[in-house]
Amino acid sequence: MGNNGPLLPHPAMITKIVDETGDVRTFQVVFDDPARMENFSNKPGQVAQLSVFGLGEATISITSSPTRRGLLEFSVKKVGRLTTALHQLEEGCRIGIRGPYGNHFPYDQMVGRDILFIGGGIGLAPLRSLIDFILAEENRQRYGTVDIIYGARSADDLCFKNDIMERWPTAPRTVVHTTVDRGDRSWNGHVGFVPSYLEEINPEPENRIAITCGPPIMIKFVLQVLEKMGYTDQQIITTLELKMKCGIGKCGRCNIGSSFVCLDGPVFTLAQLKQMPPEF
Amino acid sequence: MIMKRLLEFTGLEPERFQARWISGSEGAKFAATVQEITEQIKNLGPNTKMRDTDE
Amino acid sequence: MPAILKKDKLQALLSGLSRAYKLVLPVRENGMTYFKPYQTGLAIDRDYINTAMSPKEFLFPQTEKMLSFKYREGAEILITGAEPQPEKLAVFGARSCDLAGIAALDPVFGGRFPDPQYSTRRDRVLLVGLGCRRASSTCFCRAFNIDPLSCNGADIAVVELEDCFSVEARTDKGHAQLANFSQLLGEDNSGTVETSLSGAREAIDTSFDGIPDPAGIKDFLDRQFELPYWENIASRCLGCGICTYICPTCHCFDIFDVTRGKPDGNRYRCWDSCMFPDFTGMAGGHNPRPTPKERVRNRFMHKLKYHLDRYEIGGCVGCGRCVEKCPVNLDIRQVINDINKLQGGEN
Amino acid sequence: MSEKKTPSQITAKLREECRRLLETGTVHTVIGFARGSLPDRTVPVFITNPKDVEHLTWNPFCAANLSKYLLDHRRPGGKAAIIVKGCDSRGIVRLLQDNQILRDQVHILGIPCRGQYDHRKIPGLVAGETGPPDPESAALVHPELLFEKCAYCENPTPVIYDLLLDDAVEPIAGSNGRFAEITALEEKTALEKSAYWDDHFNRCLRCYACRNACPACTCRECVFDQFDPDWVSKRNNLSENTAFHLIRAFHVAGRCVDCGECDRVCPVQIPLRLLNRKIIKDLDELFEAPTPGTDINVKPALGDFNSRDPDKFH
């Protein structure tokens with residue numbers, strides 16, 4: 001009989017793989033144990049540790065909203081050894097999952113407010129769990145308008161095409177603003193960088209929360225634009241990614257000062273980040 | 001030679017690490033050498049150095 | 001009230017302990033003192049000031065199997081968690097600093113996600129502390145208000161006096177064990193132990209030199225993250241892992257899988273060090289602590305601030321191992337003194 | 001024979017010379033030793049301001065080989081002056097031969113050395129009790145406290161320098177026995193040799209101090225840091241530890257200058273130099289090669305082809 005500690009992953013089957021872009025895939029997974037699947041309760045913004053047995057683990061944010069029961073989704077960009085191995089798996093393969101870990105987007109405090117999502121590239125993945133949570137039928141009326149500004153390098157690099165083109169634009173009181181850095185013949189939408197598109201759209205800070213995730217350089221300029229538009233540090237929320245091994249505050253590598261991203265994050269307000277050392 | 005001597009210095013039997021120079025055209029020599037070394041290693045029995053204990 | 005153990009009865013106590021526990025005790029080997037398993041005839045080192053390695057390895061081993069995975073039919077996978085060895089361990093001769101080190105590790109491996117492997121070992125271990133009679137030139141536990149004589153955190157506290165040992169149970173576990181040795185122990189009717197203990201206290205207290213004053217350090221570091229001083233320290237640092245591996249409070253580890261050409265294999269966790277560049281290096285190439293400066297700063301900040309912030313218990317216990325072993329004499333006491341000087345400059 | 005300078009006299013001359021080098025702008029940084037936090041230690045310092053030369057010191061506790069720091073100082077900033085002993089200077093030669101550093105970017109201040117004290121040999125260094133020999137007055141050597149390597153030092157006087165801070169010191173006569181320890185181990189059976197190393201390698205912490213201190217370890221990315229593939233696993237066990245030590249020793253074969261840093265820095269006192277010197281002994285026997293770094297004009301034995309190669313190539 002083995003121990004049943006928090007570092008022990010649970011086997012899960014990949015039931016569906018969606019190719020989002022050339023190097024991003026979304027994996028739909030279901031725990032082998034139906035009771036575990038039933039009892040798994042993540043909150044929007046949380047992460048999980050995915051095991052490819054024989055290679056190790058990686059921290060991946062849960063892309064699916066907890067309002068969607070019976071499965072989990074993870075969108076993974078092929079960057080390192082583990083994510084490459086994950087991309088080689090097929091439907092029906094087993095991986096290991098443990099979690100959920102970390103804090104979550106403060107969806108309770110966002111009730112009654114307008115929400116502005118600003119995402120770039122794979123950075124939309126962690127935001128998607130919250131977007132779908134807010135747009136879920138049972139939650140939608142508790143929140144104000146939803147604006148989603150999303151950009152990628154090119155049309156081919158846009159993730160969740162079905163969501164941004166079909167599902168979200170047809171949701172009540174929701175507008176999706178999509179842009180690409182470089183246009184081509186197949187693209188007839190907006191062309192330009194996310195921060196400048198944000199400036200163009202200019203959503204008023206009044207009663208609004210801005211949530212952003214994307215490449216560091218995009219976040220840097222998005223923050224500048226938001227500040228210029230009058231957003232306070234409490235109104236701006238982001239989610240961080242650092243190297244993690246344990247996910248439960250023991251292995252010691254994801255600390256930013258005294259905070260562990262795996263326990264105290266990954267979601268931070270800009271106000272919190274400004275209190276922390278710039279080591280991320 | 002340096003490598004071989006170093007391995008022997010740390011307790012590896014000399015027969016377990018051998019180097020031969022065999023050209024691509026010397027098939028027979030290659031076969032004979034492999035047979036000869038295999039025989040020697042078999043006589044030595046299982047190696048005890050650097051055995052991964054991972055079961 | 002401590003009991004008396006005659007010096008010639010020590011061996012009997014040890015052999016008694018070794019029957020109930022797997023006993024480890026300080027033994028001198030290759031010029032250093034290590035905790036080694038008890039064997040008949042093995043001489044306990046009576047002169048050591050501290051062991052080369054702290055006893056943390058008995059609770060949190062350097063290499064530890066966490067689980068094994070086996071593929072079964074239909075691509076199903078079987079995951080089995082590893083259990084620590086069932087044997088109960090007794091550590092004889094833990095110093096006060098190392099006991100404080102264990103106290104600093106407890107909240108790390110406990111908390112919201114208790115670690116079963118650590119806590120199983122922790123529950124099973126019997127800690128027999130041995131009070132220090134003298135300090136080495138690298139000792140500075142006093143700086144963190146750790147009493148080298150009192151062995152706080154031990155199940156049983158032992159102090160060697162002139163002609164006997166004073167032995168005192170501190171926990172239920174300790175009382176239960178000592179009850180088995182009542183025929184070896186005597187009562188201190190004349191109060192001589194008390195007198196000798198106060199003599200021992202005086203001796204140890206005067207044997208320290210150069211105790212740094214860390215009182216205001218955390219406060220200062222709370223305000224000051226960017227100090228050119230860290231660059232200065234980092235330029236000397238070799239970037240090896242000595243200080244982190246021999247530290248009684250360092251707890252970082254890595255997790256990885258080992259397979260031998262088969263899909264089946266094991267997952268391990270091993271000590272890791274924040275001094276190594278790849279410790280925080282991410283798959284995409286980003287590294288939040290890219291140079292020795294950030295890494296050195298993280299280590300000293302962890303010892304002097306972060307651990308305190310998080311667990312309200314010090315991250316440095318003044319055992320002096322890193323002071324003794326650092327190849328380039330990076331001395332945390334000097335770091336504390338230097339920061340105090342910088343602090344003086346601030347005001 | 002002229003009178004040898006005391007450590008204090010050398011220190012004074014060193015400070016004066018370094019002040020001049022910094023003031024004239026000849027060098028940007030001086031890499032030297034300062035007094036450590038304990039009487040039997042010194043600490044490396046990097047001095048850029050002429051006012052700070054007072055921190056520089058020289059005494060018999062300057063065992064560290066500073067030449068590794070030259071690799072950090074490859075970055076722009078200008079020429080660096082470095083203080084070297086004889087053994088350290090071999091490291092500089094090797095770095096020059098490998099084009100790791102450029103000769104016109106280093107100013108070498110050589111100190112003829114009569115041996116360095118091993119602080120681990122100073123008995124009972126207990127606070128308040130007898131301290132180590134006073135380094136400044138130690139004109140007389142305590143041979144019992146010297147590092148083993150000093151007993152048969154081949155180059156007490158640096159083999160390369162811009163300035164020598166004292167008169168040259170001759171090698172101690174009878175240094176022929178320098179391989180005695182190795183010969184003794186070679187003569188043991190495979191089983192005995194294996195047991196000897198198993199005992200030591202079992203203790204290894206894999207802290208990599210031996211690698212990080214080594215002036216021959218100059219790779220930008222080390223095989224032991226690679227995890228894809230993980231040639232050597234992070235697991236600490238005899239098998240992986242043995243693999244680590246054999247790879248380390250062989251990787252510096254022909255480049256190890258026998259400065260003894262690996263041995264000195266090892267926190268668990270593994271006799272690492274024995275492995276390296278086994279290779280140096282074999283290089284001597286097989287190729288009549290001197291200890292690497294002894295002569296800048298001699299091509300490294302394993303980096304050169306010679307028709308008298310002893311390998312039968314059969």
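In the predicted model, 47% of the 314 residues of chain D count as buried. Chain D contains 10 helices and 5 strands. Among its contacts between residues at least 6 apart in sequence, 74% join residues at least 24 apart.

The domain assignment divides chain D into domain 1, covering residues 7-164, and domain 2, covering residues 175-303. The C-alpha centres of domain 1 and domain 2 of chain D are 24 Å apart. Between these domains, 23 residues of domain 1 of chain D are in contact with 22 residues of domain 2 of chain D. On the side of domain 1 of chain D that touches domain 2 of chain D, helix α3 (residues 86-97) of chain D gives the most, with 9 residues. Sorted by class, this side of domain 1 of chain D has 10 nonpolar, 6 polar and 7 charged residues.

Contacts were also computed between chains C and A. Here, 43 residues of chain C are in contact with 38 residues of chain A. On the side of chain C that touches chain A, two or more residues each come from the strands β4 (63-71), β5 (77-81) and β11 (253-259) of chain C, and from the helices α2 (96-109), α3 (116-124) and α9 (292-311) of chain C. The largest share of that side, 6 residues, is given by β11(C). By class, the side of chain C that touches chain A consists of 23 nonpolar, 10 polar and 10 charged residues.

Definitions and conventions:
Residues numbered from 1 in each chain as written. Chains lettered and ligands numbered in written order. Predicted model: local features only at pLDDT ≥ 70, side-chain atom pairs only at ≥ 80, totals over all residues. Domains from an automatic or database assignment. Contact = placed C-beta atoms within 7 Å. Helix = DSSP H or I, 4+ residues; strand = E, 2+ residues; numbered from the N terminus. Nonpolar A, V, L, I, M, F, W, Y, C, P; charged D, E, K, R; others polar. Buried ≥ 20, exposed ≤ 12 C-beta atoms within 10 Å, placed from the backbone.
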